[in-house]
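Good morning, and thank you for the time.

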Amino acid sequence: FALNYVLNNILSYLKLYNEQIAVKFYSHCCHMLERVISKNTLSFPKLEVHIKTIKKIFTIVDLNFQYVNKYYGVTIGQDELAYIVEMINDF
């Protein structure tokens, strides 16, 4: 439920939808949540440069994932969010 809510908000704001995004998003997020819960998160190379390059999408993703953080009682870091931003930016 939480991931569906977040994905719909992000795609609505960006006026974007593609079934490939949904499949990749859900697959990545399930694994990401498992990593966050087990405290074994990924790091994103050159994170600060990446954030500055696509700040608009990063801000939208970050704001929407606050809902997921609250829903699951976790904190998803910027490194993990950067992979989602990269995925969305490819479309």
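Of the 32 residues in the largest nonpolar core, those that touch the most other members are I10, F25, V61, F65, V68, I76 and I84. By such a core I mean buried Ala, Val, Leu, Ile, Met, Phe, Trp, Tyr and Cys residues joined through side-chain atoms within 4.5 Å; buried means under 20% relative accessible area, exposed over 50%, with partly exposed in between (1.4 Å probe, protein chains only). At least two residues of this core come from each of helix 1, helix 2, helix 3, helix 4 and helix 5, helices being DSSP runs of H or I, at least four residues, numbered from the N terminus.

This is a predicted model: local features need pLDDT of at least 70, side-chain atom pairs count only at pLDDT 80 or more, and totals for chains, interfaces and linings use all residues. Residues are numbered from 1 along each chain as its sequence is written, and side-chain values use heavy atoms, leaving out hydrogens and water.

Leaving aside residues up to four places away in sequence, V61 touches I10, L81, I84, V85 and I88, where contact means heavy atoms within 4.5 Å.

In helix 5, the buried residues are E80, L81, A82, I84, V85, M87 and I88. Their cover includes helix 1, helix 2 (19-37), helix 3 (47-53) and helix 4 (55-72).

How many salt bridges does the structure hold? There is one, the term meaning a side-chain nitrogen of Lys or Arg within 4 Å of a carboxyl oxygen of Asp or Glu. The side chains of E80 and R35 form a salt bridge at 2.8 Å, N to O. This pair links distant parts of the chain, with E80 in helix 5 and R35 in helix 2, 45 residues apart. Both E80 and R35 are buried.

Finally, the surface. F1 lies in the segment before helix 1 (2-14) and is exposed, with a relative accessible area of 67%.
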